[in-house]
Amino acid sequence: MSGEQSLGSKAPDNLSNNSNTNNSQSQETLQLPQPTRKSSAVLLTRKLIGNLNAKVNVTNGLVSDATTAVNLENIGNANIVSPVDETDSDNDNHLRSVRLNKYSPSEHSLFPSGYNTDEENIINDNDEEELQEILHLLVRQDDGLAGSRTDSKDHLTSMDLSTLTNDNYKMESQSEFIERYISISKASDSNSFHNKFKQFFILSTAGKPIYSMNGSDDVIMGYMGFITTIVSTFQENMKEEIKSVNYGDDLKLVIMNKDPLIFVAMTKLKHETMINNARNEDDSILIGQLNTLYNYLLAVLSKSTILKNFQNRMNYDLRKILTPLDFHNLDSLCMKLTYGFSTSELPTPYNIPGLDFFLSQLLDSSLQSAKITNTTRSKLNSILLSCKKLKIKENKPQVSSRLFDITDSGDKETFLGDDLLFSLLTTSPGKILSMMKPKNHTLSKEDLKVLFTMISSISTRSDDSQSTEDLWIPLCMPDFNPNGFLYVFVKKIDLSGYVIVDGKHVPPQPIIITLISGNKNSFFQQQELSKHIINSITSSESFRNALSSELLTFNNLSILNDIKVPLIKHFIYRLKRYNQCFMSDARHFNNEKASTSFVTTLELVYFYSTLHNNKATGFSTDPATKKHNKKLTYSKWKISGNTVVGFMLSDSTSEFYCLCRGEIASQELIKHSLKIIKWCEKYHRRIFVGDGIVF
């Protein structure tokens with residue numbers, strides 16, 4: 001039994017019959033009678049809790065009705081199917097099976113891998129032809145599926161509300177929609193609480209509330225009792241941990257027990273309740289979100305502190321040692337993990353707050369680096385490395401040896417950066433310019449996520465790009481050492497204050513210097529190192545002007561103007577070796593103004609989540625092996641009369657995702673996708689920071 005639960009509306013007899021046909025599955029289902037009204041949350045009563053019955057339930061396929069996702073398993077057992085001539089396109093019986101055996105992976109890759117940019121890595125024409133054949137077949141199969149439909153209900157610009165949930169919602173304006181269904185509200189209003197699409201809870205195993213995304217203690221207290229009852233029942237009676245609860249098609253509850261803490265996510269969003277066919281999991285998105293919240297608490301408190309407080313008293317109120325900044329950060333994390341933006345941050349045409357964070361989280365918490373030239377990045381790397389070579393002379397009085405005729409001059413050399421472990425230079429959105437780490441240690445993706453979250457929250461609350469204050473933050477890195485603290489020195493400078501063009505200062509260009517030490521008494525040493533870094537960046541006029549110019553343009557990549565691809569509106573390219581990704585500017589997806597940025601964010605969150613979870617068609621170009629080392633998937637959405645096409649292509653080294661607006665031929669989609677992939681490979685040293693500098 002894996003702990004997968006579903007609260008359905010079917011009768012017990014029907015569910016019992018269903019269990020006989022799925023004995024090979026070890027999943028559990030909890031059944032609850034449906035309330036008489038369309039409920040947005042589980043109604044908590046003693047009678048309801050007492051009638052929980054365990055049954056087997058298996059959910060197959062995607063939840064999203066507005067999405068068409070196809071793969072070769074929809075067609076049959078043939079390895080690869082090639083379409084016939086266009087004259088036979090209306091007759092599916094004229095499909096023939098062929099094998100991809102023209103070359104081996106050692107001769108050609110699906111697309112260039114690694115960092116080689118020689119001509120031999122340019123994609124072979126045969127690759128493109130084979131991909132076009134596969135995609136063309138999927139497109140033809142897609143056109144025959146009944147799942148693709150056009151919604152014509154009330155909608156928010158081009159984003160239909162039925163796309164997000166299984167309920168039909170009405171709204172008068174974008175602001176009303178955001179306020180009613182998305183924005184965080186701590187009010188003691190149960191109706192407002194139940195309207196929200198998403199809820200997060202953190203509580204103790206004793207049922208003591210610690211954090212709630214929405215609602216006051218009066219509203220959420222019933223949920224605390226409900227959750228602890230379910231968890232304790234499974235632990236005591238079934239000796240297992242409950243994982244999730246499905247309440248019909250409208251609600252999904254995912255529980256993560258990290259004794260003495262319990263983390264809960266409750267969602268009505270369709271792309272979060274759908275099965276992750278890529279990993280054969282249906283809770284991976286929500287579990288990842290809960291892990292992020294757990295890691296944040298570990299970062300600010302440490303695991304040993306949490307355990308110590310609850311060992312002394314099981315009903316301890318953890319809120320006593322959390323600060324208002326911590327609750328603000330938890331609110332911000334919940335919003336960005338779910339919707340890709342925080343309602344406390346206003347989007348602009350040049351920056352949609354939180355979207356990069358969401359997409360990075362979706363793609364295995366991958367890191368993002370700023371697009372700058374390799375020359376500039378190498379210079380920044382050398383500046384960070386020089387911090388480990390700075391020497392300090394300590395003048396001590398001369399001391400003569402009593403046993404030997406030797407005199408110590410008293411001059412002893414020490415290094416200013418002896419206590420420096422990690423250092424990073426980042427832009428304000430959290431994109432890495434340069435980083436340095438020791439040879440035998442590293443910070444995991446989860447540790448860096450917590451670090452950037454803390455730095456971003458402090459920078460946002462200060463709300464002053466000119467701020468020059470020095471910050472000293474004790475922070476526990478959960479993967480590095482969950483029981484101890486590292487000490488983070490943060491300094492923000494505005495490069496625009498050092499650059500003048502035509503007698504005027506350029507727009508603000510904040511650069512954040514982050515120095516991490518294991519010595520809590522090394523603040524002044526790290527402060528001196530930051531001064532050295534600032535001086536090294538700004539002392540050379542040519543270098544600071546070059547860096548300033550690149551920072552002005554790095555976040556404004558245009559697929560149309562810079563890569564010369566007119567049909568693809570947004571893309572993400574991820575290099576698996578370093579778990580780093582690069583994406584185009586989101587504002588070009590709709591060619592929109594600032595007033596509609598929220599809509600674009602919701603669209604991209606939904607499309608990429610669905611595309612990421614779709615089951616991909618695996619294939620190999622090596623006839624000697626049966627292992628599918630390359631994958632492709634295709635999806636089409638028809639929403640409010642608008643068509644959006646999603647495409648994913650991956651191999652063992654990298655992943656590529658893209659979105660197109662309107663109908664597009666499979667040949668054109670492959671052609672333009674491969675052109676972007678080759679562009680990313682050509683400029684890999686500009687868009688990826690790699691391992692950084694290692695000392």
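Predicted model: local features only at pLDDT ≥ 70, side-chain atom pairs only at ≥ 80, totals over all residues.
Visitor: How many helices and strands does the protein have?

Guide: The protein has 20 helices and 31 strands. These are DSSP runs numbered from the N terminus, helices being H or I with at least four residues and strands E with at least two.

Visitor: Why is Asp331 called buried, and why is Lys186 called partly exposed?

Guide: Buried means under 20% relative accessible area, exposed means over 50%, and partly exposed lies in between, with a 1.4 Å probe and protein chains only. Asp331 has 17% relative accessibility and therefore counts as buried. Lys186 has a relative accessible area of 39%, so this residue is partly exposed. Of the 695 residues in the protein, 54% are buried.

Visitor: How do you know that Asp356 and Lys431 form a salt bridge?

Guide: The side chains of Asp356 and Lys431 meet at 3.5 Å, N to O, and the rule asks for a distance within 4 Å. Asp356 lies in helix α12 (residues 355–362) and Lys431 in the loop between β18 (420–427) and β19 (432–437), so the pair joins parts that are 75 residues apart in sequence. Asp356, at 23% relative accessibility, counts as partly exposed, whereas Lys431 is buried, with a relative accessible area of 8%.

Visitor: What makes α12 a mostly covered helix?

Guide: Six of the eight residues of α12 are buried. They are Leu355, Phe358, Leu359, Ser360, Gln361 and Leu362. The helix is followed by Asp364, whose phi is positive, near 60 degrees.

Visitor: Which residue forms a salt bridge with Asp364 at 3.5 Å?

Guide: Arg574 does, with the closest N and O atoms 3.5 Å apart. Arg574 is in strand β25 (residues 568–575) and Asp364 in the loop between α12 and β13 (367–368), so that distant parts of the chain, 210 residues apart, are linked. Salt bridges that share partners join Asp364, Lys445, Arg574 and Glu655 into one network.

Visitor: Why are α13 and α16 called oblique to each other?

Guide: Axes are lines fitted to C-alpha atoms, for helices over the stretch in contact, and angles run from 0 to 180 degrees between N-to-C directions. Angles under 35 degrees count as roughly parallel, over 145 as roughly antiparallel, 65 to 115 as roughly perpendicular and the rest as oblique. The axes of α13 (residues 374–386) and α16 (residues 541–553) come within 11 Å and cross at roughly 120 degrees; the two helices are therefore oblique.

Visitor: Which residues of α13 and α16 meet?

Guide: Thr376, Lys379, Leu380 and Ile383 in α13 meet Phe543, Leu547 and Glu550 in α16, where contact means heavy atoms within 4.5 Å.

Visitor: What makes α13 and α15 roughly antiparallel?

Guide: Helix α13 and helix α15 (residues 523–538) pack at an angle of about 150 degrees, with their axes 10 Å apart. This angle falls in the class over 145 degrees, and the helices are therefore roughly antiparallel. Leu380, Ile383, Leu384 and Ser386 of α13 make the contact with His532, Ile533, Ser536 and Ile537 of α15.

Visitor: Where is Ile458, and which residues does Ile458 contact beyond its neighbours within four places in sequence?

Guide: Ile458 is in helix α14 (residues 445–462). Leaving aside those neighbours, Ile458 is in contact with Leu325, Leu471 and Ile473.

Definitions and conventions. Residues numbered from 1 in each chain as written. Heavy atoms only, no water.
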